Amino acid sequence: MNNHYDETDFFDKYSQMTRSKEGLAGAGEWQTLRRLLPDFDKKTVLDLGCGYGWHCKYAADHGAKQVIGVDLSEKMLAEAAKRNADPKIDYRQGDILEAAFPADTFDIVFSSLAFHYLPDWTAMVKRVASYLKSGGTFLFSVEHPVFTAAGNQQWAYDEQGEIRHFPVDRYFYEGVRQADFLGETVEKYHRTLTTYVETLLQNGFSIEHLVEPTPPEDLLSVPGMVDELRRPMMLIISAKKK
């Protein structure tokens, strides 16, 4: 994985985002995601790409007996240790695609908006299948394939500066994209909805939920948030290991 989050300018911009300052309450997809969360009571949990550790702390506060959060960014993990420390949480630095654990270790594997940075989705799913217990939950969010397809992830504007539409192009051409995120060029990977789902089905998972979250009404006053109702930005999938 590429690590933009340890670049000072990029991290400073990220730290000013609503979700960075307000945590789960400031994340537009949180109210949808929360309804899909499994029971954490006495469960072992792995958070891949844990960032500031908001979801790790939520799991610990809701009864998880052990939580491991993995992230590539040293700066992210430093914030997690400050904001969301808990005796039951173990934060570890590393590439989530290379994180190795014994078979049948976790009851729940979770990830928030990290997998679109990965070049190899199949390898990630196979790893999760190996260290998730039978009957365990694999719940994750990614940027929606409609959002990642064209590449730069920017609206198209008319001559008056009003939004005209959101470009969708090269949908079936999977692979690397150069996205404009926080004023920086960030490398992400586009894959189709079929690829996300079929890879899970072919590697021992059943699909429990597939949801395209929309912003809650109480966040629509945040600048630009109401425009998120014009196209899907995120995808949430909950799967169970057979």
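Me: Contact means that heavy atoms lie within 4.5 Å of each other. By that test, what do the buried residues of α4 pack against?

Reply: First, the model. It is predicted: local features need pLDDT of at least 70, side-chain atom pairs count only at pLDDT 80 or more, and totals for chains, interfaces and linings use all residues. Residues are numbered from 1 along each chain as its sequence is written, and side-chain values use heavy atoms, leaving out hydrogens and water. Now α4. Its buried residues pack against α3, β1 (44–48), β2, β3 and β4 (106–112). These labels are DSSP runs numbered from the N terminus: helices are H or I with at least four residues, strands are E with at least two.

Me: What makes helix α4 (residues 54–61) mostly covered?

Reply: Of its 8 residues, 6 are buried. Buried means under 20% relative accessible area, exposed means over 50%, and partly exposed is in between (1.4 Å probe, protein chains only). The buried residues of α4 are His 55, Cys 56, Lys 57, Tyr 58, Ala 59 and Ala 60. Just after α4, Gly 63 takes a positive phi of about 100°.

Me: Why does His 144 count as buried?

Reply: Its relative accessibility is 5%, so His 144 counts as buried. His 144 sits in the loop between β5 (132–143) and α7 (145–148). Neighbours within four places in sequence aside, His 144 is in contact with Glu 212, Pro 232, Met 233, Met 234 and Leu 235.

Me: What makes the pairing of His 144 and Glu 212 a polar contact?

Reply: The two side chains come to 2.7 Å. A polar contact needs a pair of N or O atoms within 3.5 Å; within protein, one must be able to donate a hydrogen and the other to accept it, and residues adjacent in sequence count only if both atoms are side-chain atoms.

Me: In helix α5 (residues 74–83), which residues are buried? Why are they said to be on the same side of α5?

Reply: Met 76, Leu 77, Glu 79 and Ala 80 are buried in α5. They cover an arc of only 160° around the axis, which puts them on the same side of α5. The arc is taken from the directions between the helix axis and the C-beta atoms. The face of α5 turned away from the buried side carries the exposed Glu 74 and Lys 82. The buried residues of α5 pack against α1 (8–14), β2 (66–71) and β3 (89–93).

Me: What makes Glu 29 and Arg 19 a salt bridge?

Reply: Their closest N and O atoms are 2.8 Å apart. The limit is 4 Å, between a side-chain nitrogen of Lys or Arg and a carboxyl oxygen of Asp or Glu. The pair links distant parts of the chain, 10 residues apart: Glu 29 in the loop between α2 (18–22) and α3 (30–36), Arg 19 in helix α2. At 3% relative accessibility, Glu 29 counts as buried. Arg 19 has 18%, so Arg 19 is buried too.

Me: Why is Asp 41 called partly exposed?

Reply: Its relative accessibility is 35%, so Asp 41 counts as partly exposed. The side chain of Asp 41 meets that of Lys 42 in a salt bridge (3.5 Å, N to O). Lys 42 stands at 59% and therefore counts as exposed.

Me: How many salt bridges does a search of the whole structure find?

Reply: The search finds 11. Among them is Glu 228 with Arg 231, whose closest N and O atoms are 2.3 Å apart. Glu 228 and Arg 231 are both buried. Glu 79, Lys 82 and Arg 83 are linked in a network of salt bridges.
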